[in-house]
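User: I would like to learn how to read helix packing and aromatic pairs in a model. Please take me through one.

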Amino acid sequence: MQQNLQNPLLIEWVTLQNQFDAFEKLSLAIKLVAVVMATLFAFELKHLDVIVVLNSICWIQDAIWKTFQSRFADRLLLIESELSTTSSDGNIQFNTAWEAKPRGLISLISEYLRHLAKPTVVFPHFVLLCLGMYVVFFI
């Protein structure tokens with residue numbers, strides 16, 4: 001077991017996996033900031049139209065954050081592949097189910113849109129956008 005802890009690939013995998021998990025927490029923080037800003041602007045400052053702009057910024061930032069996180073997943077897959085063929089650490093296969101993504105501008109935009117539309121990213125942004133538009137246009 002001690003020898004396994006000295007494997008540079010295993011050390012990198014543990015480090016990247018911890019970072020990958022930390023990105024999830026920061027994505028949640030972006031969502032919470034969006035909720036706080038929407039609440040503040042809607043109920044305290046009475047600048048209801050600002051909800052739409054600020055929440056859109058948070059939503060896009062969350063999608064960019066999730067896209068950056070997915071790049072860690074790509075590296076984790078490579079490390080897992082290497083570990084499975086070169087060492088006894090082949091049981092480190094947590095991320096293997098993910099496939100490598102094609103690269104290029106269209107692919108990158110498509111990746112952003114896929115993450116933008118994920119339910120875990122959409123909530124609470126879409127609800128807050130709808131609330132903000134309702135308040136701005138109907139109240």
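User: Is the crossing in which α2 passes α3 left-handed or right-handed?

Analyst: This is a predicted model. In it, α2 passes α3 in a right-handed crossing.

User: At roughly what angle do the axes of α2 and α3 cross, and within what distance do they come?

Analyst: The axes of α2 and helix α3 (residues 105-116) cross at roughly 115° and come within 9 Å. Angles of 65 to 115 degrees count as roughly perpendicular, and α2 and α3 are therefore described as roughly perpendicular to each other.

User: Now the rings. How many aromatic pairs does the structure hold?

Analyst: The structure holds 6 aromatic pairs. One of them joins W65 and F68: the ring centres are 6.4 Å apart and the planes stand at 40°, so this pair is tilted. The tilted class lies between stacked, under 30 degrees, and edge-to-face, over 60.

User: Why are W65 and F68 separated by about one helical turn?

Analyst: The general idea comes from helix geometry. An α-helix has 3.6 residues a turn, so residues three or four places apart point the same way. Here, W65 and F68 are 3 residues apart in helix α2 (residues 49-86), which puts about one helical turn between them. W65 is partly exposed, with a relative accessible area of 21%, and F68 is also partly exposed, at 37%.

User: Which residues do ring pairs link into a cluster?

Analyst: The cluster consists of F23, W65, F68 and F72, linked by ring pairs.

User: How far apart are Y134 and F138 in helix α4?

Analyst: Y134 and F138 are 4 residues apart in α4 (residues 119-138), so about one helical turn separates them. Their ring centres lie 5.6 Å apart with the planes at 40°, so the Y134 and F138 pair is tilted. Y134 is partly exposed, with a relative accessible area of 45%, whereas F138 counts as exposed at 64%.

User: Which residues of α4 are buried?

Analyst: Buried means under 20% relative accessible area. In α4 the buried residues are V121, P124, H125, L128, L129, G132 and V135.

User: Where is the kink in α4 centred?

Analyst: The kink is centred on H125 and amounts to about 25°. H125 is also one of the buried residues of α4.

User: What span should the 20 residues of α4 have, and what do the end C-alpha atoms give?

Analyst: At 1.5 Å a residue, α4 should span 28 Å; its end C-alpha atoms are 27 Å apart, which agrees.

Key: Residues are numbered from 1 along each chain as its sequence is written. This is a predicted model: local features need pLDDT of at least 70, side-chain atom pairs count only at pLDDT 80 or more; totals for chains, interfaces and linings use all residues. Side-chain values use heavy atoms; hydrogens and water are left out. Rings of Phe, Tyr and Trp (its six-membered ring) pair if their centres lie within 6.5 Å; planes under 30 degrees apart count as stacked, over 60 as edge-to-face and the rest as tilted. Helices (H or I, at least four residues) and strands (E, at least two) are DSSP runs, numbered from the N terminus. Buried means under 20% relative accessible area, exposed over 50%, partly exposed in between (1.4 Å probe, protein chains only). The expected span of a helix is 1.5 Å times one less than its number of residues. The bend at a residue is the angle between axes fitted to the seven residues ending there and the seven starting there. Axes are lines fitted to C-alpha atoms, for helices over the stretch in contact, and angles run from 0 to 180 degrees between N-to-C directions. Angles under 35 degrees count as roughly parallel, over 145 as roughly antiparallel, 65 to 115 as roughly perpendicular and the rest as oblique. A crossing is left-handed if the near helix is turned anticlockwise from the far one by less than a right angle, and right-handed if clockwise.
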